[in-house]
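Subject: Structure handover and findings

Dear colleague,

Please find below the structure that I am passing to you.

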Amino acid sequence: MVEIEEVSGSSPFERVGAHSHIRGLGLDKDGKARPVADGLVGQIRAREAAGLVVKMAKEGKLSGKAILLAGPPGTGKTAIAVGIARELGEDVPFIQLSGAEIYSTERKKTEVLMEAMRKAIGVRIREFRRVYEGEVMSLDVKMGSSVYNPFIKVPQSATIKLKTRDDEKTLKVGPNVARQLVELGISEGDVIMIDSEDGRVSKVGVSKEAVMFDLTSESVVPRPEGPVLKDKEFTYIVTLDDLDRMVSRRRGGGLFSLILGVETKEIDPEVRAMVDKQVREWVEQNKAEIIPGVMFIDDAHLMDIEALSFISRAMEGELVPIIIMATNRGITNIRGTDVKAPFGMPLDLLDRLVIITTDKYTRDEVGEILKIRAAEEGIDIDDKALEILKDEGERRSLRYAVQILGIAGVKARSEGRDKITEEDVKEVAERFSDVKDAIQHLKKYEGELLT
Ligand SMILES: Nc1ncnc2c1ncn2[C@@H]1O[C@H](COP(=O)(O)OP(=O)(O)OP(=O)(O)O)[C@@H](O)[C@H]1O
Ligand SMILES: [Mg+2]
């Protein structure tokens, strides 16, 4: 079974670590934001708007639109996007990338975006398969000489008796199934399934009837009901990108790529077209259902005109994820041009935006967020230290304060304490610059650095 490969995309460390305290959007059942909940503090309006986005996404009502989180640095844009991902649940693909990540020396920008887009679209596939299922009552495996090596004995056939509450069947199986039975260590009392078409064997668990002591670490299941041979429904979730890769592997490279495990870097547009066609057919035949996920592009202003146009064009298609972007820029150049525009985005994209703005935090809110972060890092913080961090949060940025807190925590713990003190914070803040300071610092040397 193939499951979704990535839920959060290839996120650099900072973005994962810094938001690990967020469990959701912290809304009550009417969609109202609780002041502090699910790791989120304040930013009530933005969180409630994000809640609506989640609702619309789940109902499939966001197609053709993109969401933009806009606000000054350190006001929780990325945090809220992470909250949206948590709210959508595990079945819904969520891919996160930064505007900077699309620039690669190996691949075209549009290819990186296309792949991310397809990773953000899930397909729930329903399939009926004819299977034999039951509790193993007896199993007799016949061994014989291997065709390839006469000195080795391998399973050649087996006789197996399967029982359900209502039925019983004895099956004679060939070498393929017999080998799997041996490899999986199947024995009496196990509940197993054998696919009637491809002979794949899987173990469901150990039958309740067969467990005498409560010592087994395997999952205990009831003896199945109904006939032994039956049609059973299976569902799996894959992404369009998973399907692209499967088809591409089957097509290209042949034996060579199988042996060497060569991964094709780029997927042929033809393959994608084939996959789309197949998926549409499945949907029409009621065998599959599309689950549009979310593609979150952080620091969207880092994308250039080519990437941005690609996105607005892609949004016209049918198989598109919900696109959420975040930016901390106001009116600025569209990257790659001299044209100024809101958020550095071209008109055709602006037209589709649903904008959620985030505001600066109050001092108290900064304090709450810092306390949550301290708890997340498993460390206490004394009142004075917290006041200093709040100052830093106000004066510089929340992000800086969160970082200093993290480092101060490591320092305190390495000195055998489990509480951050005023001194820890002061010392760390003195040693580490924020961006503004670092720029000032470099300015001093500019003359020297450039010569
Ligand atoms: N409302 C909030 N509740 C809890 N934690 C928050 C909240 N807002 C921000 N944080 C945390 O504060 C830090 C900075 O916020 P975040 O990175 O989300 O800001 P941002 O708006 O994305 O900033 P930038 O524009 O610089 O990307 C992160 O660790 C984040 O998880
Ligand atoms: Mg951010």
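The notes below set out the findings by topic.

This is a predicted model, in which local features need pLDDT of at least 70, side-chain atom pairs count only at pLDDT 80 or more, and totals for chains, interfaces and linings use all residues. Residues are numbered from 1 along each chain as its sequence is written, while chains are lettered from A and ligands numbered from 1 in the order in which they are written.

Domains

The protein chain is divided into domain 1 (13-120 + 293-357), domain 2 (127-235) and domain 3 (363-438); the bounds come from an automatic or database domain assignment. Between the C-alpha centres of domain 1 and domain 2 there are 48 Å.

Nonpolar cores

A nonpolar core here is a set of buried Ala, Val, Leu, Ile, Met, Phe, Trp, Tyr and Cys residues joined through C-beta atoms within 7 Å. A residue is buried if 20 or more other C-beta atoms lie within 10 Å of its own, exposed if 12 or fewer, and partly exposed in between, with C-beta atoms placed from the backbone. The largest nonpolar core has 87 residues, of which Ile84, Val294 and Ile324 touch the most other members. Helix α13 (residues 398-414) gives the most to this core, namely eight residues; helices (H or I, at least four residues) and strands (E, at least two) are DSSP runs numbered from the N terminus. Domain 1 and domain 3 each contribute at least three residues to this core. Beyond its neighbours within four places in sequence, Ile84 is in contact (C-beta atoms, placed from the backbone, within 7 Å) with Leu25, Ala50, Val53, Val54, Val294 and Ile324. Another core, of 16 residues, lies apart from the largest one and includes Ile160, Leu162, Ile192 and Val206.

Surroundings of ligand 1

Ligand 1 is surrounded by 22 residues, the closest being Pro73, Gly76, Lys77, Thr78 and Ala79; a residue is counted if its C-beta atom, placed from the backbone, lies within 6 Å. At least two residues of this shell come from each of β2 (40-41), α3 (77-88), α11 (363-376) and α13. Domain 1 and domain 3 each provide at least three of the shell residues. The shell comprises ten nonpolar, ten polar and two charged residues, where Ala, Val, Leu, Ile, Met, Phe, Trp, Tyr, Cys and Pro count as nonpolar, Asp, Glu, Lys and Arg as charged, and the others, Gly among them, as polar.

Helices α12 and α13

The axes of α12 (residues 383-395) and α13 come within 7 Å and cross at roughly 145°; axes are lines fitted to C-alpha atoms, for helices over the stretch in contact, and angles run from 0 to 180 degrees between N-to-C directions. Leu389, Glu392 and Gly393 of α12 meet Leu398, Tyr400, Ala401, Ile404 and Leu405 of α13.

Backbone points

Most residues other than glycine have a negative phi. Gln43, in the loop between β2 and α2 (44-58), has a positive phi near 50°. Gln43 counts as buried because 28 C-beta neighbours lie inside 10 Å. Asn286, in the loop between α8 (269-284) and β12 (288-292), has a positive phi of about 65°. Asn286 has 8 C-beta neighbours inside 10 Å and therefore counts as exposed.

Yours sincerely

Key: Contact = placed C-beta atoms within 7 Å.
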